[in-house]
Amino acid sequence: MTAEIICVGTELLLGDILNKNAQYLAQQLASLGIPHYYQTVVGDNVARIKHVIEIAIARSNILIFTGGLGPTPDDLTTETLADFFGVPLVENPDILEDIAQKYAIRGRVMTPSNRKQALIPQGATVLPNPAGTAPGIIWSPTSHLHILTFPGVPSEMQRMWQETAVPYLKSLGFGQEVILSRTLKFWGIAESALAEKVSAFLNLPNPTVAPYASRGEVKLRISAKAASSTAAEELIAPIAQQLQTIGGIDYYGQDDDSLASVVGQLLQRANATLSVAESCTGGGLGHMLTDVPGSSRYFMGGIISYDNQVKVSLLDVAPEALIQEGAVSSTVAAQMARGVRSRLGTTWGLSITGIAGPDGGSLTKPVGLVYIGLAQSNGTVQTFEHRYGQDRSRSLIRHLSACSALDALRRKLLDSQF
């Protein structure tokens with residue numbers, strides 16, 4: 001059997017709401033070992049929802065719907081399902097009483113429109129909603145087809161999934177196998193270059209290996225299907241080790257690791273501290289560092305030096321360097337790193353200066369030009385030039401700059417260990 005996730009809501013199509021439900025359900029299906037090959041988002045339109053159902057039942061045995069269970073006229077999931085399969089809607093008194101009690105507890109009066117939420121297809125079972133007023137259904141309108149519906153509110157959907165849907169699916173025999181994934185993360189290498197290096201692994205049947213890129217980072221997802229998490233991990237571990245070896249210094253972590261968390265671990269291991277000086281990133285680098293729990297043990301603080309006078313007065317950048325070479329230069333990046341390290345008394349000083357756009361660039365210094373400075377307590381200072389291109393957004397350039405700065409420090413910390 002295979003599952004399909006169908007998310008109903010025009011707000012999802014318009015991008016007004018991030019579709020967290022699909023991500024959560026995909027992960028949950030994997031944990032139950034249920035293959036799932038398709039996800040669909042459809043607006044609040046009866047004809048289009050019916051078309052989606054028609055396509056889904058031809059290729060999937062478990063249809064999981066989220067959204068469209070509320071009391072308003074545009075909440076169409078339940079009535080459309082009933083109409084599609086030619087089954088009447090029946091008012092369920094238990095649902096009606098549950099809704100009324102929840103309104104009473106909140107000091108509110110149930111409106112007539114809420115009676116709509118008590119209507120379910122004849123023959124369907126109620127999928128209770130302990131937190132909200134929109135229950136779901138569990139229904140097998142035809143043999144070998146299982147339909148589960150959930151409200152669009154993530155917290156309600158997740159509780160309903162765990163308390164009712166998981167036991168139901170396990171009663172059908174699912175959960176005997178698991179699909180486990182591990183994601184290896186790389187920085188400083190292109191997706192195509194990494195894919196070539198690991199091409200021999202990309203056609204493995206179990207575990208499978210798939211590359212993908214996201215905001216400058218390249219990932220290799222290793223997925224294994226087995227009778228237990230332990231057995232799946234045993235399949236993944238040797239492949240992961242080989243891929244890490246092939247990735248070399250470009251490999252930095254896995255799963256929930258970030259460049260900031262890995263740098264933090266390396267700094268603590270070296271009993272070292274860090275301070276930062278930022279221009280074009282405007283505090284983005286400091287935010288990444290402080291987003292890691294316990295970062296106060298190694299991150300002392302930073303200076304956001306947008307104005308040149310701040311660079312001079314707080315970071316000891318030479319005025320002549322700003323006049324002769326400009327704020328976006330290797331020299332200024334070096335002096336910023338040295339200055340913040342000295343001012344805050346840290347082992348390392350890390351700086352970023354650049355042109356994030358959308359304006360401010362020139363022929364010699366285009367948008368996307370960034371310099372990173374890295375200063376050590378022994379007086380050594382290194383700089384790194386990056387050109388991210390003028391076609392990238394301001395937010396992406398700032399993100400890439402902060403990550404590249406962290407990666408430069410990561411590589412230096414690793415190098416100092418040997």
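## An exposed histidine to start

With a relative accessibility of 60%, histidine 144 counts as exposed. Here, exposed means over 50% relative accessible area, buried means under 20%, and partly exposed is in between, using a 1.4 Å probe and protein chains only. This is a predicted model, where local features need pLDDT of at least 70 and side-chain atom pairs count only at pLDDT 80 or more, while totals for chains, interfaces and linings use all residues. Residues are numbered from 1 along each chain as its sequence is written, and side-chain values use heavy atoms, leaving out hydrogens and water.

Where does histidine 144 sit? Look in the loop between strand E7 (136–139) and strand E8 (146–150). Helices (H or I, at least four residues) and strands (E, at least two) are DSSP runs, numbered from the N terminus.

Most residues other than glycine have a negative phi, and most peptide bonds are trans. Histidine 144 has a positive phi near 65°. Asparagine 271 also shows a positive phi, about 55°, although it is not a glycine. Asparagine 271 lies in the loop between H9 and E13, and its 72% relative accessibility makes it count as exposed.

Now for the peptide bonds. A cis bond links asparagine 206 to proline 207, with omega at about 10°; proline 207 belongs to the loop between helix H7 (191–197) and E10. Another cis bond links glycine 357 to proline 358, with omega at about 5°, and proline 358 is in the loop between E15 and E16.

## The nonpolar cores

A nonpolar core is a set of buried Ala, Val, Leu, Ile, Met, Phe, Trp, Tyr and Cys residues joined through side-chain atoms within 4.5 Å. How many residues does the largest one have? It has 40 residues, and those with the most contacts inside it are Leu267, Leu274, Leu285, Trp348, Leu350 and Leu409. At least two residues of this core come from each of helix H9 (259–269), strand E13 (274–278), helix H10 (284–290), strand E15 (348–354), strand E16 (369–376) and helix H14 (394–416). H14 gives the largest share, nine residues.

Leaving aside residues up to four places away in sequence, leucine 285 touches Val276, Glu278, Leu350, Ile352, Ala402, Ala405 and Leu406; contact means heavy atoms within 4.5 Å. Apart from this core lies another, of 24 residues, including Ile5, Cys7, Leu25 and Ile34.

## A sheet of five strands

Five strands form an open sheet in the order E14-E13-E15-E16-E17, with mixed pairing. Two strands pair if DSSP finds at least two bridges between them. Strand E14 (299–304) and strand E17 (381–387) are the edge strands, each pairing on one side only. On average, neighbouring strands of this sheet are turned by 15° against each other, direction ignored.

E15 and E16 pair in the antiparallel sense over seven bridges, and serine 351 has glycine 373 in E16 as its bridge partner. E16 and E17 also run antiparallel, joined by seven bridges. Their hairpin has four residues between the strands, and glycine 379 there takes a positive phi near 95°.

## A sheet of four strands

Another open sheet has four strands in the order E10-E11-E9-E12, with antiparallel pairing. Strand E10 (208–214) and strand E12 (251–254) each have a single partner strand, so one side of each is left without a neighbour in the sheet. The twist averages 25° from one strand to the next. Alanine 213 stands opposite valine 218 in E11.

Helix H8 (residues 229–247) lies across strand E9 (178–187), E10, E11 and E12, running at about 15° to E9. H14 lies across E9 and E12, at about 85° to E9. Axes are lines fitted to C-alpha atoms, for helices over the stretch in contact, and angles run from 0 to 180 degrees between N-to-C directions.

## Two helices side by side

The axes of helix H2 (residues 20–31) and helix H6 (residues 154–171) come within 10 Å and cross at roughly 15°. H2 and H6 are therefore roughly parallel to each other, a description used for angles under 35 degrees. Asn21, Tyr24, Leu25, Gln28 and Leu29 in H2 meet Pro154, Met157, Gln158, Trp161 and Gln162 in H6.

Definitions and conventions. Angles under 35 degrees count as roughly parallel, over 145 as roughly antiparallel, 65 to 115 as roughly perpendicular and the rest as oblique.
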